[in-house]
Amino acid sequence: MTGPRGSGRTVVIGVGNDFRRDDGVAWRVVGRLRERAEGKGNPLPPRTELRECDGDPGRLIGLWEGAELAVVVDAAHAHPPSPGRVHRLELDRRRLWRDGTASSHGLGLGEAVELSRALGTLPARLVVYAVEGADSALGTGLSAPVAAAVEPLTARIEADIGSGGGTGCSGDGPPGIPAGPARPAERPGSAAGAVPGRAAAADAGGTRDDDGG
């Protein structure tokens, strides 16, 4: 489903694979958003969609096309690792994503962003959350530190989309995810660089908060 710009459409996209342990964290976050919206009787804002995706760039572009706000959640690999740590990157139609690392799926999120920009389908605002994982082996269930990040990240996304369920915003994270200072993302391979599971790490013209431990 897509809509014209200015329609107020919001989409939250969980990118991952529920059968590769921590690679399923984004799908778990999207699932919690559904549960919290239904269980609290506090529905998400009108024209808000919750979707899961395997990371295919064409599907990602199709899901966020026409959105005013897209929030993308993915697993990440970092060196040195800090499982459960959350990295936040925000872009808009003017900020370029410069990506020097190829995704395991052929195209990284950075290439999907720039292709979407060229096609005129990039959301007015794009927020990416990358959660550092500990275990991406075949199997189900999240490792303990990654599972602990699900609830606070869910609350922060609620705040991003204005559902009223979270207590934070881009400069004031909810309990469990204190917002870091906004600064340019670091290159892959740096001490704090994180490489999303299907979305290669960014050296971006936007801002990034490194949230959590």
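**Close-up views of a predicted model**

**View 1. Glu158 and Arg36 in a salt bridge between two helices.** At 2% relative accessibility, Glu158 counts as buried, since the cut-off for this class is under 20%. In this predicted model, the side chain of Glu158 meets that of Arg36 in a salt bridge, with a distance of 2.7 Å from N to O. The pair links distant parts of the chain, 122 residues apart: Arg36 belongs to helix α1 (residues 25-39) and Glu158 to helix α4 (residues 144-161). Arg36 is likewise buried, because its relative accessible area is 15%. Side chains of opposite charge can pair when their charged atoms come close.

**View 2. Glu114 and Arg117 within helix α3.** The side chains of Glu114 and Arg117 form a salt bridge, at 2.8 Å from N to O. The two residues lie 3 positions apart in helix α3, and therefore about one helical turn separates them. Glu114 has a relative accessible area of 23% and is therefore partly exposed. Elsewhere, salt bridges that share partners join Arg32, Glu35, Arg36, Glu151 and Glu158 into one network. The count of salt bridges in the model comes to 14.

**View 3. The salt bridge of Arg51 with Glu49.** The closest N and O atoms of Arg51 and Glu49 are 3.3 Å apart.

**View 4. Leu109 in helix α3.** Leu109 is placed in helix α3, which comprises residues 109-119. With a relative accessible area of 3%, Leu109 is buried. Ile61 is 48 residues away from Leu109 along the chain, and the C-alpha atoms of the two are separated by 9.7 Å.

**View 5. The largest nonpolar core and another core apart from it.** The largest nonpolar core contains 24 residues, and those with the most contacts inside it are Val12, Val71, Tyr129, Leu153 and Ile157. Two or more residues of this core come from each of the elements α1, β3 (69-78), β6 (125-132) and α4. Apart from this core lies another, of 19 residues, including Val11, Ile61, Leu89 and Leu126. In soluble globular proteins, nonpolar side chains tend to be buried together.

Terms used:
Residues are numbered from 1 along each chain as its sequence is written. This is a predicted model: local features need pLDDT of at least 70, side-chain atom pairs count only at pLDDT 80 or more; totals for chains, interfaces and linings use all residues. Side-chain values use heavy atoms; hydrogens and water are left out. Helices (H or I, at least four residues) and strands (E, at least two) are DSSP runs, numbered from the N terminus. Buried means under 20% relative accessible area, exposed over 50%, partly exposed in between (1.4 Å probe, protein chains only). A salt bridge is a side-chain nitrogen of Lys or Arg within 4 Å of a carboxyl oxygen of Asp or Glu. A nonpolar core is a set of buried Ala, Val, Leu, Ile, Met, Phe, Trp, Tyr and Cys residues joined through side-chain atoms within 4.5 Å.
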